[in-house]
Amino acid sequence: MKKCLIFLFFFGTSLFLNAQDTIFKKNKVRVLAKVILVGSDTVDFYRASMPEGPVYHLPKSDISYIKYENGKADYFEPQPSTPEKSQHDNSGVSILTNTETTKPFEKEAGLRIDVGRGGYYVNNRRISHRNVSRMLERQHNPMVDSYLHTSWNENAIGQVCSYSGLISSAIGGEVFLLGLVASGSGTASGPDVSGQVMTVGAILFVGGVTSNVIGAIQKKRSVASYLRAIQQYNDSIL
């Protein structure tokens with residue numbers, strides 16, 4: 001009978017100890033208790049050693065947090081700043097919240113493109129014209145795209161004019177030389193025919209030179225538009 005009473009005593013004691021709450025005060029003192037009420041200013045509780053009373057009152061300003069028997073907790077002072085911390089709503093459910101300061105939205109920073117005598121540079125490293133064009137296209141900036149397409153169109157016109165000018169100049173020179181040779185022949189119709197041939201050759205040659213000049217101008221304009229695209233790109237990044 002005595003053994004049964006001792007067993008019941010220890011069994012009841014263990015149940016009570018497992019059912020107790022713990023109040024952690026700011027002065028590092030722990031109070032084993034059974035919390036009755038968490039008020040606006042105080043916490044009412046029984047001491048674990050005196051479950052029948054009396055009722056004790058502790059100011060919330062003296063409490064760091066309370067850990068309840070079910071493992072949940074109430075905090076009464078700010079927790080250390082961490083990337084994520086646990087807070088608790090009225091139901092005691094733990095909620096993870098981000099405590100890092102949210103930065104205002106900013107445009108995505110890019111790499112500046114520098115133009116030197118030897119070509120194009122990013123972070124003091126030379127890059128190809130193709131890679132620069134890819135960087136400009138990836139920004140999707142309307143002004144950059146406008147200058148970029150203008151540069152491409154001007155360069156295309158310049159290339160066509162230059163190639164056609166070279167061909168026209170070469171043909172015109174050959175035709176002019178043929179007319180010049182024909183003018184030295186002894187036929188009666190030679191001077192008239194050679195004169196016409198030389199005129200055609202001269203026209204083709206002058207037209208070719210003019211086309212070459214137009215092509216060179218268009219290429220310069222293309223380079224200027226490309227540099228404007230790079231400048232607009234640099235101005236739009238942080």
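The protein chain has a mean pLDDT of 77, and 74% of its residues reach 70 or more; pLDDT is the predictor's confidence in each residue, from 0 to 100. This is a predicted model, in which local features need pLDDT of at least 70 and side-chain atom pairs count only at pLDDT 80 or more, while totals for chains, interfaces and linings use all residues. Residues are numbered from 1 along each chain as its sequence is written, and side-chain values use heavy atoms, with hydrogens and water left out.

**Confidence along the chain**

- Among the elements of the protein chain, the highest mean pLDDT, 91, belongs to strand β5 (residues 63–67), and the lowest, 45, to strand β8 (residues 94–98). Helices (H or I, at least four residues) and strands (E, at least two) are DSSP runs, numbered from the N terminus.
- Residues 1–18 have a pLDDT below 50, and this stretch makes three contacts in the model beyond near neighbours in sequence. Contact means heavy atoms within 4.5 Å.
- Residues 91–109 also have a pLDDT below 50; beyond near neighbours in sequence, this stretch has 28 contacts in the model.

**The open sheet**

- Six strands form an open sheet with antiparallel pairing, in the order β4-β3-β2-β1-β5-β6. Two strands pair if DSSP finds at least two bridges between them.
- Strands β4 (56–59) and β6 (73–75) are the edge strands, each of which pairs on one side only.
- On average, neighbouring strands of this sheet are turned by 40 degrees against each other, direction ignored. For such angles, axes are lines fitted to C-alpha atoms, for helices over the stretch in contact, and angles run from 0 to 180 degrees between N-to-C directions.
- Strands β1 (residues 21–25) and β2 (residues 30–38) run antiparallel and are joined by four bridges, with I23 opposite V31 in β2.
- The hairpin of β1 and β2 has four residues between the strands, and K28 there takes a positive phi near 75 degrees.
- Five bridges pair β2 with β3 in the antiparallel sense; V38 stands opposite V43 in β3, and a hairpin of three residues joins β2 to β3.
- Strand β3 (residues 42–47) pairs with β4 over four bridges, again in the antiparallel sense, and T42 has P59 in β4 as its bridge partner.

**Nonpolar cores**

- The largest nonpolar core has 14 residues, of which I113, V132, L136, Y226, I230 and Y233 touch the most other members. A nonpolar core is a set of buried Ala, Val, Leu, Ile, Met, Phe, Trp, Tyr and Cys residues joined through side-chain atoms within 4.5 Å.
- Two or more residues of this core come from each of β10 (119–122), α2 (129–138), α3 (142–183) and α4 (190–236), and α4 gives the largest share, four residues.
- Another core, of ten residues, lies apart from it and includes A33, V43, L58 and Y68.

**Two individual residues**

- S162 lies in helix α3 and is buried, with a relative accessible area of 11%. Buried means under 20% relative accessible area, exposed over 50%, and partly exposed in between (1.4 Å probe, protein chains only).
- A polar atom of the S162 side chain lies 2.9 Å from the backbone oxygen of G158.
- Not counting residues up to four places away in sequence, S162 touches S211, N212, G215, A216 and K219.
- Y75 is found in strand β6 and counts as partly exposed, at 36% relative accessibility.
- Y75 and K60 are 15 residues apart along the chain, and their C-alpha atoms are separated by 9.9 Å.

Conventions. Polar contact = N/O pair within 3.5 Å; in protein donor to acceptor, adjacent residues only side chain to side chain.
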